[in-house]
Structure formats: C-alpha cells, structure tokens
Amino acid sequence: MSDEMLVKCGSPTLAGIKTGNLFTCPYTDRKTTMEELRKLNRKLVPKGLRILPLRYSSERVLIYLYRPKSLERDLAKEEAVELLEKAGYRHKSANQCLIELIHRINDLEAEFPHEIGLFLSYPPEDVRGF
C-alpha cells in the first residue's frame, strides 16, 4: 500500500477528525501485505494510530485505520455499549470488540454488521437508526 493511498483514504483519521476509516486496496499475497502493515504500524503506533486488515477477498483487502484511544472512548459511551450488547457483543474492551467485528465481517453467512458505524465515529443514534 502506498503512502499516497493511506493519506487519500485515511486522512480524516490521520488528522484526528475521525476515530477510524475503512478502505480497500489491492494485494498480491497475504504475507507481503502483513509485512507492509507491520512496517506501517511501526510508524503509526507511536503517533496513536493503528492499521489492520479486516478481510481478504480474492484481489482486495479491507483495511481499518484507527485511533485506539478514540475507539476505546467511542465504544465506552453508554449508548454504544447498549448497541453492541444488543448486537451480541459480550466483550467490554475495544480490542475485544474489534476482534468480534473482524469475525463478523468474515462470516460470509451472517448479515453485514451495521454496528461497524460505531468503529467509524458514527453517532450511536445514527447506528441505531440503521
């Protein structure tokens, strides 16, 4: 993934305006992609950011760029906790919720997880409306 793509697709998160951004990018193999993401994380983590692959398809990978502290804050809001519990999340930490989200995104038989909006700075009332 190029720096240009990261800036173009993740600028609201890089600027601190949003908790997270989702975007897809092409990849050739998982091992190379994971190495690239590890390298990026070595630069991003000290700046309060993290980048993860959420789902691989045959030619593209769904990437999540986020601010862990902002995610913790967003998911700790009373209405967000209520929405996540209602959606079946049993975990309290942001990291555990993120792991659960990854499982749900990769469950091809499940409905799309609309609660993903909570991971992207959408207000809980908007997520509830979905």
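Start with the cysteines: the structure holds 0 disulfides, a disulfide being a pair of cysteine sulfur atoms within 2.5 Å. This is a predicted model, in which local features need pLDDT of at least 70 and side-chain atom pairs count only at pLDDT 80 or more, while totals for chains, interfaces and linings use all residues. Residues are numbered from 1 along each chain as its sequence is written, and side-chain values use heavy atoms, with hydrogens and water left out.

Select cysteine 9 and cysteine 25. The closest cysteine sulfur to that of cysteine 9 is in cysteine 25, at 8.1 Å, which is too far for a bond. Cysteine 9 is partly exposed, with a relative accessible area of 25%. Next, pick cysteine 97, which is buried at 2% relative accessibility. Buried means under 20% relative accessible area, exposed over 50%, and partly exposed in between (1.4 Å probe, protein chains only).

Now show the sheet. It is open, with 3 strands in the order β1-β3-β2 and antiparallel pairing. The edges are β1 (20–26) and β2 (50–56); each has a single partner strand, so one side of each lacks a neighbour in the sheet. On average, neighbouring strands are turned by 30 degrees against each other, direction ignored. Strands are DSSP runs of E, at least two residues, and helices runs of H or I, at least four, numbered from the N terminus; two strands pair if DSSP finds at least two bridges between them.

Zoom in on β2 and β3 (residues 60–66), which run antiparallel and are joined by 6 bridges. Select tyrosine 56: its bridge partner in β3 is valine 61.

Finish with helix α2 (residues 30–44), which lies across β2 and β3 and runs at about 160 degrees to β2. Axes are lines fitted to C-alpha atoms, for helices over the stretch in contact (heavy atoms within 4.5 Å), and angles run from 0 to 180 degrees between N-to-C directions.
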